[in-house]
Protein chains: 2
Amino acid sequence: MIKIAILGFGVVGSGTAEVLTENKRVIEERLGCSYSIKYILDLRDFPDSPFGDLVVHDFNTILNDPEVSIVAEMMGGSHPAYDFSRACLEAGKSVVTSNKEVVSNFGVELCRIAAEHGVRYLFEASVGGGIPVIRPMINDLASNRVRTVNGILNGTTNYILTQMRDCGSSFAESLSEAQKLGYAEANPAADVEGIDAARKIVILAALASGKLLSPKSIHTEGITNITLLDTAVADALGYTIKLIGHAEVYDDGVMAMVSPRMVTKANPLANIDGVFNGILITANMVGDVMFYGPGAGKLPTASAVVADIIDIIANRDKAVKPIAWEDAKAEDIKSFDDYVCRRVLICQSAPALPNDVKVLKSCEVNGAVAVVIDTVSEARTSQLLAALGDTVIATYRTLA
Amino acid sequence: MIKIAILGFGVVGSGTAEVLTENKRVIEERLGCSYSIKYILDLRDFPDSPFGDLVVHDFNTILNDPEVSIVAEMMGGSHPAYDFSRACLEAGKSVVTSNKEVVSNFGVELCRIAAEHGVRYLFEASVGGGIPVIRPMINDLASNRVRTVNGILNGTTNYILTQMRDCGSSFAESLSEAQKLGYAEANPAADVEGIDAARKIVILAALASGKLLSPKSIHTEGITNITLLDTAVADALGYTIKLIGHAEVYDDGVMAMVSPRMVTKANPLANIDGVFNGILITANMVGDVMFYGPGAGKLPTASAVVADIIDIIANRDKAVKPIAWEDAKAEDIKSFDDYVCRRVLICQSAPALPNDVKVLKSCEVNGAVAVVIDTVSEARTSQLLAALGDTVIATYRTLA
């Protein structure tokens, strides 16, 4: 009998208990072995929950119980989630998590500690909620070199952008609507400023490149400055605005960023609306594959957590190769300034562009003039924007 | 050093050799061990191919060489592909394949023989070409009960339907175009009559239910009768026509079918165009997840074949649990007559429907009258169609 402990009985923690219980029969049948939840760690008590009897308040009860072999960390935040995870791994317990903050900052170290102690640290639920993407990247795309990753990685911002486009409501109104529906938190900063997406794209970039960037170090723009003029321009030019986590993998390095982009309507990411997420991976043999589904939510995220638990149980007697990644060193990090893509400039009037900048398309919307310019680097874009000054109202990278 | 043999040096076979060679360094690095292709079996010689020296014409050369531990069967057709696969498994060699005809007809038997001989029979490439779907279904959705599968499983027919919708060309014209581009074979029957999709949906239904239906036994309609009137009606009613492999999984059985459907434009499958495939899986915890990508083609399909080879090499010293499935018995097969969904009837004039049939929506297109009727069973639909007689020009299941 495998004994599992859950750290944190919030949305995902309680969902994990629910999935483990609701699908117990079929999961045990698939595994050919049985399991039970032994403890749930939380500061609170849950007298009305069917799992209320399992609640403990002292982490050491779990840490010191040799019967517990798998710990599901669903606490959120870096501390004490990181510290507890580390302690469990050092005590020879495998850990699964949905905590992108911990994985993106301490993932390499925790995987190394896990390997040193013959246990595992898995985090399928940390990116894309219930969408299978981490294990498929590691296993199914193992025959490929991944070249780029483009992901709609945050359901809150995607809901807001969908509302702005489809209902013509402003950012503030759409955010407020998202909060009413429970899609956005009271303090939405981590979502709307792109911080959550940054944590997720560095994890995906690391799986593709073997190098984990610090989420704080990558270029990160959120969606707070997007206006209805921008969404109207996007529509006029055949785009839709999405917050995109983007990673480029080179033979000798990696680059990642988060920013709103104007995505051409033919791109499969353009059709991913509302709270759904999608991750489009371009690899050298398979070409484009996309994984789509619920990027958050109690049961979907718990579904991925439990998939990791099943993986650990199914392979409990085997030596499983740990993820081959390390923290990115300075020489692994490709310059953001050199990144090139097509750009949209939204201007007060027709912009006076240098001759070497090629305009591919333009439109007028509500008195503003928007132009699509051919691929320019980030560095060159900064120069252009400085030269154009106040003429430029907004600028967007595009995604073909 | 792992030695691999490839059976059949056609499109996928040569692609497999190319992926194994092109990405050799990165794959060997991931595996921590090296491999080589020792033989390629084909009736022909390939003097101009870099792999020409590996070609053999006698299957026994491979079968009797104890150095060969993995065989990639890319021959197509049932025989001798099945016979060779079986012989390899019985000789203690693992087999990977892209051959949906063999998997859908003999998959249970071949997996059982593999397990009996301590080797593996894997077939990721048999459904969805390069799209990771089989391994993710087995591993990542292991925490779920899969309830329904809806898939665009055939790129040829999806290309034809996209052409008909977007260019207004007839079925015959679109098929001819697909043949010119190499997307359809000279004899396109297996594609356009839905036979290829039927083989794939029974494989997916089996992974979800544990019961493999015979592909010949399921209700299978192709796309040969679809007209431009139908595509115009679909558009007017907010649908797009797709050839859908559909499976329903019950606690005590399974049902699968292939037919064209009018798919609501909000369904992510509605946006999958051209030769791309998509598989939308609804499961009890995660909800809807979709896997999207190239459903055919040399390198994409080979990418999935090589992922299976990597899986076998990575787990070569471990006892891996075989797929838990068996051939469906009569009592496992749910009645097609009982299947219910909303229907579209395209009629010469307004149809005289019984009072208990609820019309949800209607439109007139080119003199024809189309109605969307609320959920009715297959059996009841047959009665309705018989009663309406020649009034009905065409009828479609819908997909919400």
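This is a predicted model: local features need pLDDT of at least 70, side-chain atom pairs count only at pLDDT 80 or more; totals for chains, interfaces and linings use all residues.
1. You can find the spot through B:Val96, whose bridge partner in E6(B) is B:Leu122.

2. Now to where the chains meet. The contact draws 46 residues from chain A and 46 residues from chain B. Between them the two chains bury about 3,800 Å², with 54% of it on carbon and sulfur atoms.

3. The interface of chain A and chain B has 20 residue pairs in polar contact, both residues being at pLDDT 80 or more. Several elements of chain A give two or more residues to the side that touches chain B, among them helix H1 (11-22), helix H6 (134-139) and helix H12 (298-314). Strand E13(A) gives the most, with 7 residues. By type, this side of chain A divides into 25 nonpolar, 10 polar and 11 charged residues.

4. E13(A) pairs with strand E13 (residues 287-294) of chain B in the antiparallel sense, over 3 bridges. A:Phe291 has B:Phe291 as its bridge partner in E13(B).

5. There are also 2 salt bridges across the interface of chain A and chain B. In a salt bridge, the side chains of A:Arg135 and B:Asp140 meet at 2.6 Å, N to O.

6. Next, the backbone. Most peptide bonds are trans. The bond from A:His79 to A:Pro80, however, is cis, with omega near 5°, and A:Pro80 sits in the loop between strand E4 (68-73) and helix H4 (81-90) of chain A. In chain B, the bond from B:His79 to B:Pro80 is cis, with omega near 10°.

7. Finally, A:Asn366 has a positive phi of about 50° although it is not a glycine. This residue lies in the loop between strand E16 (359-365) and strand E17 (368-377) of chain A. Is A:Asn366 buried or exposed? Exposed means over 50% relative accessible area, and A:Asn366 has 71% relative accessibility, so it counts as exposed. B:Asn366 also has a positive phi of about 50° and counts as exposed at 70%.

How values were computed. Residues are numbered from 1 along each chain as its sequence is written. Chains are lettered from A and ligands numbered from 1 in the order in which they are written. Side-chain values use heavy atoms; hydrogens and water are left out. Contact means heavy atoms within 4.5 Å. Buried area is the accessible area (1.4 Å probe) that two parts lose on being put together, summed over both. A salt bridge is a side-chain nitrogen of Lys or Arg within 4 Å of a carboxyl oxygen of Asp or Glu. A polar contact is a pair of N or O atoms within 3.5 Å; within protein, one must be able to donate a hydrogen and the other to accept it, and residues adjacent in sequence count only if both atoms are side-chain atoms. Helices (H or I, at least four residues) and strands (E, at least two) are DSSP runs, numbered from the N terminus. Ala, Val, Leu, Ile, Met, Phe, Trp, Tyr, Cys and Pro count as nonpolar, Asp, Glu, Lys and Arg as charged, and the others, Gly among them, as polar. Two strands pair if DSSP finds at least two bridges between them. Buried means under 20% relative accessible area, exposed over 50%, partly exposed in between (1.4 Å probe, protein chains only).
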